[in-house]
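Reader: Please take me through the side-chain contacts of this model, giving the general idea of each feature before the particular case.

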Amino acid sequence: MVQKNGTHHQLRKLIDDLYAYWTDVSCPSNNGRQQWEDVWCTYGTCSGFNQTYYFQRALALRAQVDLLSILENNGIVPSSTESYKLEDIQNALNATLGDSTVVECNQKWLLGDYQLYKIQICVSNDTNSIISCPVQKSSNCGSEVKFLPFEPADLPIGSADNLADLMIKMPAAIDMDM
C-alpha cells in the first residue's frame, strides 16, 4: 500500500486484522492482497481518504455489522447439505440492516447450485453509517442458495512481518465503475 512515511506505521498495525477479517478465499490466492488492491483502486482512491483510514473504517464497519450472527439468529448457518431460500436470507438481512444489502452468488458448474458468495452493504460517503442503497441492484442468486462452511484457520495467512512484500503499490488511477 502506498503511504507517506508517517502513515506507513499506522497501516502496518492493520495488516493482521486485514488478514484475519478480509482474506480472499477464492483460488488461487488466499492472502487477500489482490482483493485489497482491487478495492483500494476501485473505491478507495475516490473516497477522499488515505489508505490507512479507508481500511480502518472498513474493518470498523465489519465489526459493527456481524453478518454471520444476523444469519445464524435467523436459522441460516453454513452447511454442506442444506439450502436456504434467498427470500429468507434477504428477510434476515433486511430486518437488521434495511434496504442496504445485495446478496450475490456464484453458481456451481456441475450441479447448478447457487452458492452464497458476497453480501454487499451500502455505506454513507463519510463511512459513519449504513444507508439504504441509492440504486437497488438485484441479486444474481436463484431461489435456493447454499451457504457452505469453511474454516478460516485453514487458510494460509501472512502477518505484518512481511508487510514490505504486501504493500499495495497502485497508481492513482481510478476505475469509475459506478
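The dialogue below turns to a salt bridge and then to aromatic rings.

Author: This is a predicted model, in which local features need pLDDT of at least 70 and side-chain atom pairs count only at pLDDT 80 or more, while totals for chains, interfaces and linings use all residues. Residues are numbered from 1 along each chain as its sequence is written, and side-chain values use heavy atoms, with hydrogens and water left out.

Reader: Which side chains meet in a salt bridge?

Author: A salt bridge is a side-chain nitrogen of Lys or Arg within 4 Å of a carboxyl oxygen of Asp or Glu. The structure holds one, in which Glu-104 and Lys-137 meet at 3.9 Å, N to O. Because Glu-104 lies in strand S2 (residues 101–107) and Lys-137 in the loop between strand S3 (114–121) and strand S4 (144–146), the pair ties together parts that are 33 residues apart in sequence; strands (E, at least two residues) and helices (H or I, at least four) are DSSP runs, numbered from the N terminus.

Reader: Is Glu-104 buried or exposed?

Author: Buried means under 20% relative accessible area, exposed over 50%, and partly exposed in between, with a 1.4 Å probe and protein chains only. Glu-104 is buried at 14%, whereas Lys-137 is partly exposed at 45%.

Reader: How many aromatic pairs are found in the whole structure?

Author: Rings of Phe, Tyr and Trp (its six-membered ring) pair if their centres lie within 6.5 Å, and planes under 30 degrees apart count as stacked, over 60 as edge-to-face and the rest as tilted. The search finds four pairs; in one of them, Trp-40 and Tyr-54 have ring centres 5.5 Å apart and planes at 75°, so the pair is edge-to-face.
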